[in-house]
Amino acid sequence: GSVATTPDTKALGIAAALAGAWGVHYSPQLLDDVVPWHSALDGCLPTFLAVACTSCSLVYLPPQLANYGAELQTTLRLQVLPPVIGAIVTQQASGLGELAVLGGATLGSLSRGSSVSAMCVGRVFAWAAPHFLAWCARFSVPATAATLATAGGLATVFGCVSYAAAPSIDAATGCMRGVIAALIGRNSQATLPWQLPSWATGGIGGILVNWGSRRGWYHQLVLPLILIEMEHGSMSLLGALDWPTLCMTGAGACAAQILVRRPHHDADLALAKRG
C-alpha cells in the first residue's frame with residue numbers, strides 16, 4: 001500500500017492486516033462527532049468571493065479582450081468553482097484529508113457547474129466515505145485499492161448523483177435568487193405587486209440581518225443565502241447588507257474600545273485592536 005494511499009487509508013490497512021493475522025475482530029473508529037453543516041460554508045466563502053471579484057473585474061477589460069474575459073468568467077463559474085467547493089466541503093466534513101479533497105473535486109467536476117449541488121452531494125459523500133473505508137478494511141481490501149475505490153469509484157458514483165440533481169438544484173437556487181432580488185434589489189425582471197420602496201426594503205433587510213445575526217442566524221440562514229446568490233460568480237445583495245449592518249457595527253464597537261479606554265480592561269482593548 002505505498003502507491004495511491006493516504007496516511008488514513010494506510011493506517012486502516014495496517015490495522016486490518018494485524019487484526020486478521022491475530023484473529024481479532026477489527027472495527028475502525030469512525031468520526032462520531034457530526035460536523036455542523038454550516039461550518040464548511042465558512043471555508044467556501046473565500047472561494048466564492050475570489051471568483052465574484054475576478055468576474056466583476058473582467059468586465060473592465062479592453063474591448064479587444066472582451067471575448068477572453070467572457071470565456072474566463074464561464075471557466076471560473078463552471079470548471080473551477082464546483083470542484084473547489086466540493087473539495088472544501090468534503091474535506092472539512094469527513095476529516096479524511098487529501099482523500100476527501102480528491103473525491104470532492106471529482107464529484108464537483110461532474111456537477112454541471114452547480115456549486116450548490118457539489119456542496120450538497122459533497123456533504124453526503126463526506127458521510128459515506130469513512131463508512132466505505134471501514135467496509136473495505138473489514139474485508140481486508142488493500143490500502144491502495146481502498147483509496148482508489150473511495151476517491152475514484154465512490155466519488156464518481158456521487159458525482160453522477162450530482163450530475164443528475166444539478167438541473168433541479170440550479171432551478172431552485174435560481175428561484176431563490178429571484179425572490180431575494182425582488183424583495184431587496186428591485187430587480188425589474190422579478191417585481192412583486194406589493195413591493196415596498198427600495199429604501200424601505202433595504203432598511204428592513206439590514207435590521208433583520210443585524211438582529212438575526214446577533215441571535216445565531218447568520219451561519220444558519222444568512223451565509224447560505226449569500227453563497228447561493230454568489231453561485232454564478234456574482235456579488236450578493238445580502239452580503240452588501242452584511243457589510244454596513246455587521247462589519248461596520250463591529251468596527252464602530254472596536255473603535256469605541258480604543259478611543260474610550262477604561263481601566264482594567266486591557267484584554268478588551270487588545271481584542272479591539274485586532275478587529
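Helices (H or I, at least four residues) and strands (E, at least two) are taken here as DSSP runs, numbered from the N terminus. The structure is a predicted model, in which local features need pLDDT of at least 70 and side-chain atom pairs count only at pLDDT 80 or more, while totals for chains, interfaces and linings use all residues. Residues are numbered from 1 along each chain as its sequence is written, and side-chain values use heavy atoms, with hydrogens and water left out.

A cavity is a set of points, on a 1 Å grid over the protein atoms alone, where a 1.4 Å probe fits but cannot get out; its lining residues have an atom within 4 Å of a point. Grid points are joined across faces, edges and corners, and a volume is the space filled by probe spheres set on the points. A search of the whole structure finds one cavity of 30 Å³ or more, and the volume of the largest cavity is about 60 Å³. Its lining consists of T9, L12, G13, A16, L133, C136, A137, V141, A143 and A146. Two or more of these residues come from each of α1 (7-22), α5 (115-138) and α6 (143-185), and α1 provides the largest share, four residues. By class, eight lining residues are nonpolar, two are polar and none is charged; Ala, Val, Leu, Ile, Met, Phe, Trp, Tyr, Cys and Pro count as nonpolar, Asp, Glu, Lys and Arg as charged, and the others, Gly among them, as polar.

Rings of Phe, Tyr and Trp (its six-membered ring) pair if their centres lie within 6.5 Å, and planes under 30 degrees apart count as stacked, over 60 as edge-to-face and the rest as tilted. Of the three aromatic pairs found in the whole structure, one is formed by F125 and F158, edge-to-face at 5.7 Å centre to centre with 70° between the planes.

Conventions:
On a 1 Å grid over the protein atoms alone, a cavity is a set of points where a 1.4 Å probe fits but cannot get out, and a pocket is an open set with protein on both sides within 12 Å along at least five of seven lines; lining residues have an atom within 4 Å of a point.
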